[in-house]
Amino acid sequence: VTSSEPDVERAAGIITRGLAAVIDLVVVLLIMSALYGGLVLVRLVYSPAAFSVPSLNAVFSTVVTFFVAVLYLTGCWTVSGSTAGAVTMGLRVVGRRSQRVSLLVGLLRAICCVLLPIGLLWVVVDRRRRSLQDIVFRTRVIYLKRAR
Amino acid sequence: VAEKVPVFGPLMRRGVVGLSERGDKWVTQSADQFKALLAAVAVGLVALVLDEMDLNALVRERVDIDVLAADLDIDAVINRVDLITLADKVIEGVDLPAIIRESTNSMTAEVMTDVRTQGERADDVVAGIVDRMLGRDRDNR
């Protein structure tokens, strides 16, 4: 069944992937707050007299958050295959055959993951533990080989 | 008696005094030499004896070191030592940052491995439950 076969790349399940996604969400929110803080500081520097804490424009912040998330996911997946959350949970995104995800696939997969995060739930019922995005882009999420 | 003889007497007295002076001188000189010789011999002898003896064993056998140690005024010794300087020296010798770094690293690694293993196990548990619910053959994955 699921007994560990150390040499075989095993697909990761919903718990690890879900936790990794939560960690990544936190990372993106941290980036966003850093950006916001930077914006506030810049405003303070350029017009200290007429300074007020900028109010958040809902549409603008949503768009920026979307881009930050897509950029973050694409960068991590194409460069190392692992986001911060994936590293924490010991996961890695690989292509169908290659060990890396190409830039285009990474970008599209990131967009889809941000737009339709619920697709991750398909991992639970899929026999090969693929999310909807994995099925579409033929990627896999596997456990990092344990350093033992 | 002979000293009372005129002319001859003073001469003889002078001779006797000279002789006795010379004798004294000779005696003291030879005594010094003898002393030096004796000292040299004694030193050589003691050295020889010491060479033959195992002093450590002798001390261990004959001296009760525990009693001596019990009598030692260690507080006085400690009072004479500059403890702060000593401690500084000891701390300098111990690479504390490296130890902390190492232990923190191994702790982090342990926690990470633990989290990953637990996650993997949880994945398997969930997969098992779903497989059972869907009535799947669990070996056929």
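A salt bridge is taken here as a side-chain nitrogen of Lys or Arg lying within 4 Å of a carboxyl oxygen of Asp or Glu. By that rule, a search of the whole structure, which is a predicted model, finds 7 salt bridges over all chains.

**Confidence and the two chains**

Chain A has a mean pLDDT of 87, and 93% of its residues reach 70 or more. Residues 1-6 of chain A, however, stay under 50 in pLDDT, and for them the model has 7 contacts beyond four places in sequence. Where pLDDT is low, the predicted coordinates should not be read in detail. Chain B contains 6 helices and 0 strands, which gives the pattern α-α-α-α-α-α when read along the sequence. Of the 141 residues in chain B, 8% are buried.

**Where the chains meet**

At the interface, 20 residues of chain A are in contact with 19 residues of chain B. The size of an interface is often given as the accessible area lost when the parts come together. Between chain A and chain B the buried area is about 1,800 Å², with carbon and sulfur atoms giving 52% of that area. The rule also finds 9 residue pairs in polar contact across this interface, both residues being at pLDDT 80 or more. On the side of chain A that touches chain B, α1 (14-46), α3 (84-89) and α5 each supply at least two residues, and the residues of that side divide into 10 nonpolar, 5 polar and 5 charged.

**Salt bridges**

Across the interface of chain A and chain B there are 3 salt bridges by the rule. The table gives salt bridges from within chain A and from between the chains.

| Pair | Closest N to O distance |
|---|---|
| R10(A) and E120(B) | 2.7 Å |
| R129(A) and D124(B) | 2.9 Å |
| D126(A) and R130(A) | 3.2 Å |

Salt bridges link R10(A), R129(A), E120(B) and D124(B) in a network.

E9(A) is partly exposed at 26% relative accessibility, and R140(A) is partly exposed at 29%. In the salt bridge between D126(A) and R130(A), D126(A) counts as buried at 11% relative accessibility, whereas R130(A) is partly exposed, with a relative accessible area of 23%.

**Two arginines with positive phi**

Most residues other than glycine have a negative phi. R129(A), by contrast, has a phi near 55°, a positive value, and lies in the loop between α5 (122-125) and α6 (132-137) of chain A. Is R129(A) buried or exposed? At 6% relative accessibility, R129(A) counts as buried, because the cut-off for that class is under 20%. R138(A) also has a positive phi, of about 55°, although it is not a glycine, and this residue lies in the loop between α6 and β2 (140-143) of chain A.

Methods:
Residues are numbered from 1 along each chain as its sequence is written. Chains are lettered from A and ligands numbered from 1 in the order in which they are written. Side-chain values use heavy atoms; hydrogens and water are left out. Helices (H or I, at least four residues) and strands (E, at least two) are DSSP runs, numbered from the N terminus. Buried means under 20% relative accessible area, exposed over 50%, partly exposed in between (1.4 Å probe, protein chains only). Contact means heavy atoms within 4.5 Å. Buried area is the accessible area (1.4 Å probe) that two parts lose on being put together, summed over both. A polar contact is a pair of N or O atoms within 3.5 Å; within protein, one must be able to donate a hydrogen and the other to accept it, and residues adjacent in sequence count only if both atoms are side-chain atoms. Ala, Val, Leu, Ile, Met, Phe, Trp, Tyr, Cys and Pro count as nonpolar, Asp, Glu, Lys and Arg as charged, and the others, Gly among them, as polar. pLDDT is the predictor's confidence in each residue, from 0 to 100.
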